[in-house]
Amino acid sequence: MSKITEGAAAPDFELESAEGPIRLADFKGKTLVLYFYPKDDTTGCTMEGQDFTALAPEFAKAGATVVGASKDSVKSHEKFAGKYGLTVRLGSDPQGGVIERFESWVAKKLYGREYMGIERSTFLIRDGVIRRIWRKVKVAGHAKAVLDAVKAL
């Protein structure tokens, strides 16, 4: 049975970022949108980052911070953000421990080949509690759906 459920406490975490560490504790009494994505500078991940960046002022107005995370390095994140003008914070989880705690490291299939990878997933966390979970995210319209959920809290 999954430990990561809506209404459960969010797993404690710390991610590296260009602006310094990102920790769950930093968001005590606040709202955090934490999304996991497979890889910097790929089509879907770029679109997702751009969509969250475009809506960043509205997330901020609603009192939420958006953080994206993958296994890519801080240096890779800096290059990715610079290339596409992304303003959302990007956290690096090179060992994948945070990704695993959020149960987003999953078996995937491509052309009949099975492998382990990051499931595109998003977690809406307020006061350390998971309020909403999106799994197997389709990028189109996702950032807006998350924003609507933030506003509904």
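**Note on the predicted model: salt bridges and nonpolar cores**

1. Arg-89 is partly exposed, at 23% relative accessible area (buried is under 20%, exposed over 50% and partly exposed in between, with a 1.4 Å probe and protein chains only). Its salt-bridge partner is Glu-19, with the closest N and O atoms 3.4 Å apart (a salt bridge is a side-chain nitrogen of Lys or Arg within 4 Å of a carboxyl oxygen of Asp or Glu). Arg-89 belongs to strand 5 and Glu-19 to the loop between strand 1 and strand 2, so the pair ties together parts 70 residues apart in sequence.

2. This is a predicted model, in which local features need pLDDT of at least 70, side-chain atom pairs count only at pLDDT 80 or more, and totals for chains, interfaces and linings use all residues. Residues are numbered from 1 along each chain as its sequence is written, and side-chain values use heavy atoms, leaving out hydrogens and water.

3. The whole structure holds 8 salt bridges. One of them joins Lys-151 to Glu-58 at 3.3 Å between the closest N and O atoms. Lys-151 lies in helix 5 and Glu-58 in helix 2 (helices are DSSP runs of H or I with at least four residues, strands runs of E with at least two, numbered from the N terminus).

4. The largest nonpolar core has 22 residues (buried Ala, Val, Leu, Ile, Met, Phe, Trp, Tyr and Cys residues joined through side-chain atoms within 4.5 Å). Helix 5 gives the most to this core, with 5 residues. A second, separate core of 20 residues includes Phe-13 and Val-98.
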